[in-house]
Amino acid sequence: MSNPDPQPVAQPSTALHLQGVTKSYQDPEHPAVADLSMQVAKGETVALLGPSGCGKTTLLRLIAGFETPDAGTITVAGRVVSSPNMFLAPEQRRIGFVFQDYALFPHLDVERNVAFGLAGMPKRERAERVRAVMDLVGLTVFARRYPAQLSGGQQQRVALARALAPSPDVILLDEPFSNLDAALREGTRQEVRRILLRSGATTLLVTHDQEEAMTFADRLAVMRSGRLEQEGDPEGTYRRPRTAFVAGFLGRTNLLRGEADGAHVHTALGTIPLARSEHGSVLVSVRPEDLQLIPETQPVSGGEGVRVIIQERIFQGHDRLYRAATPEAGSTDGWIVRSGPGLDLRAGDAALLRVKGPAVPLESSRR
């Protein structure tokens, strides 16, 4: 009786696992990355988001093997690549890296740039792989061009194709769109996102651009001072920030203090429903789009609100941003309100300010 066919080995569902990763430079009291743990699932795109100096790029370099952690374990596709007892060189980690400046070889044409990481592959197989990847990113017609003959967006796709060619377990993108002008950045970002989805790649993106992170990634990991402040899907993280830092970093917000009674919080803007139950003194976040301005000349029926004076109107094309303060404030400090183009208020106009969305109670930051 013949032996049954061998069963395929189950592939780990986690492509990247970091456990207690720490890295210090001159000052151990303030590490660049501090006891950081996170996971990235196979096929997932995660954006590491945070201000300059928060440790995003250091973490990427630790994962790639360009830096050695002081502590912690890094596992890629079920294989430990860095721990207190071992360290794999970058070329052994099956990780693709797209640098901020693309790092293309100027003396090699597109085809040879893409083939660079496939030196150990048989010639025919290498040629087939290069053609497949170039077709995936739409570069076939540029095969014989050199980097200097390409636009910024085309160079970016060459760098991505080179990273994808060896079929890595994880792709790392370090501020990949920062060198592109605003008009090109959005289109290139969408194109790269489609390429990564088609390839099934697991991707970790580093950026300080909130809009870029929220439109590109399946999940956000917001960093502050070397630590993870909050993780979650873009919409949930934006709508339900845990701390004032996250609320402010992911967009404009209004911070109010008040007394919570479980379902509501009593504030200077009246009684507001809470996004989650809290009791006692709280700090809450209310997004500008959750506030409403009603011109003083317009009839008002029911509901709470406070009288404010418009301090500033900022035209943003698709909407308008207003700064409003109570008459007693006498300054531009006050409330930030986002409205559609239909609301036409000017500096000096009076209006009623109401809350139309829930308030999110915030936790104390860990720093």
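Author: The largest pocket has a volume of about 630 Å³. A pocket here is an open set of points on a 1 Å grid over the protein atoms alone, where a 1.4 Å probe fits, with protein on both sides within 12 Å along at least five of seven lines. The volume is the space filled by probe spheres set on those points. The model is predicted: local features need pLDDT of at least 70, side-chain atom pairs count only at 80 or more, and totals for chains, interfaces and linings use all residues. Residues are numbered from 1 along each chain, and side-chain values use heavy atoms, without hydrogens or water.

The lining has 21 residues (an atom within 4 Å of a point). Nearest the centre lie Ile95, Gly96, Phe97, Gly117 and Pro166. By class, 13 lining residues are nonpolar, 4 polar and 4 charged; Gly counts as polar. Strand S7 (95–98) and helix H4 (152–164) each supply at least two lining residues. These are DSSP runs (helices at least four residues, strands at least two).

H4 also meets helix H5 (residues 182–199): their axes come within 10 Å and cross at roughly 20 degrees. Axes are lines fitted to C-alpha atoms, with angles from 0 to 180 degrees. Leu160 of H4 and Val192 of H5 are among the contact residues (heavy atoms within 4.5 Å).
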